[in-house]
Amino acid sequence: MADQQRDERGGREERGDGAKRPARAESEGRAERSDRAGGAERSDRSGRSGRSGRSGRDEEAVARYVERVAAELTEMGMQRMASRVFACILADDAGALTAAEVGERLHVSPAAVSGAVRYLAAVGLITREREPGSRRERYRMESDRWYQIFAQRESMIRRFEQTLDTGVGVLGADSAAGRRIAETTQFFSFLREENGRLEQRWWDYVKRRDEARAAGE
């Protein structure tokens, strides 16, 4: 009798193991399929080339470069998020991105991007443009933006120079403060004049460069 009971228990355990094995196999199969799907998705994300011209680049290296440029701009006094957004647009082939594209690349919220682009547009580093047939705005960094910024700065320097110069009469030309203001005024006058000459030298350089490229073709 005892042997018969042991045989029956053994049969039940064997049947139980048989039932567990398919369940485990099915679970493992689902896990394997999930891993394959996740791997495919990760591969697709890593291999996906965003905008035209980005294909074949090391996206992680590009991201590190953007953050390095942003860190330098932040050290120079620009707001941290504005620095990151500006560097992101600067590193894009077209030099133009929507807020959603910037947020996706920097892994930040739309609100953070919105505040940054408002600042960048206000100081003249980027311009806004509407996508044809869409309500979305694209933010662009023009190739000659640096020249435009320095050209605009000349008028700002001139105004500041004139404002400083009025202080010499108010404070007295022979006073310590008056002499300090006079020297500061002369510095900004010198800076404005040199800035104008520097701009001309730049355009002369661009002309020679373009002529050399055309001759090389």
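Predicted model: local features only at pLDDT ≥ 70, side-chain atom pairs only at ≥ 80, totals over all residues.

Reader: Why are α3 and α5 called roughly perpendicular?

Author: Helix α3 (residues 80-90) and helix α5 (residues 110-122) pack at an angle of about 85°. Angles of 65 to 115 degrees count as roughly perpendicular, so α3 is roughly perpendicular to α5. Their axes are 8 Å apart.

Reader: Which residues make that contact of α3 with α5?

Author: From α3 come Met 81, Ala 82, Val 85 and Phe 86. From α5 come Ala 112, Ala 116, Val 117, Tyr 119 and Leu 120.

Reader: How many of them are nonpolar, polar or charged?

Author: The contact of α3 with α5 has 9 nonpolar residues, with no polar and no charged ones. Ala, Val, Leu, Met, Phe and Tyr are among the types that count as nonpolar.

Reader: What makes α3 roughly perpendicular to α4?

Author: Again, the angle. Helices α3 and α4 pack at about 105°, with their axes 10 Å apart. The range for roughly perpendicular is 65 to 115 degrees, so the label applies to α3 and α4.

Reader: Which residues meet there, and how do they divide by class?

Author: Arg 84, Val 85, Cys 88 and Ile 89 in α3 meet Val 102, Arg 105 and Leu 106 in α4. They divide into 5 nonpolar, no polar and 2 charged residues. Arg counts as charged, and Arg 84 and Arg 105 are in this contact.

Reader: How do you know that strands β1 and β3 pair?

Author: Count the bridges. Two strands pair if there are at least two bridges between them. Strand β1 (residues 96-98) and strand β3 (residues 137-140) are joined by 3 bridges and run antiparallel. In one of these strands, β3, Tyr 139 is the bridge partner of Leu 97.

Reader: What joins β2 to β3?

Author: Strand β2 (residues 127-130) is joined to β3 by 4 bridges, and the two run antiparallel. Pairing needs at least two bridges, so β2 and β3 pair. Arg 140 in β3 is the bridge partner of Thr 127. Tyr 139 in β3 is the bridge partner of Arg 128. β2 and β3 form a hairpin, with 6 residues between them. In the turn, Gly 133 has a positive phi of about 75°.

Reader: Why are β1 and β2 the edge strands?

Author: The open sheet has 3 strands in the order β1-β3-β2, with antiparallel pairing. β1 and β2 each pair on one side only. From one strand to the next, the twist averages 35°. Helix α4 (residues 99-106) packs on the sheet and touches β1 and β3. The direction of α4 makes about 90° with that of β1.

Reader: What lines the second largest pocket?

Author: The lining has 13 residues; Met 78, Leu 125, Trp 146, Ile 149 and Arg 153 lie nearest the centre of the pocket. Helix α6 (residues 145-171) gives the largest share, 6 residues. By class, the lining has 10 nonpolar, 2 polar and 1 charged residues. The volume of this pocket is about 430 Å³.

Definitions and conventions:
Residues numbered from 1 in each chain as written. Heavy atoms only, no water. Axes fitted to C-alpha atoms, helices over the stretch in contact; angles between N-to-C directions. Parallel < 35°, antiparallel > 145°, perpendicular 65-115°, else oblique. Contact = heavy atoms within 4.5 Å. 1 Å grid on protein atoms, 1.4 Å probe; cavity = no way out; pocket = protein on both sides within 12 Å on 5 of 7 lines; lining within 4 Å. Points joined across faces, edges and corners; volume = space filled by probe spheres on them.
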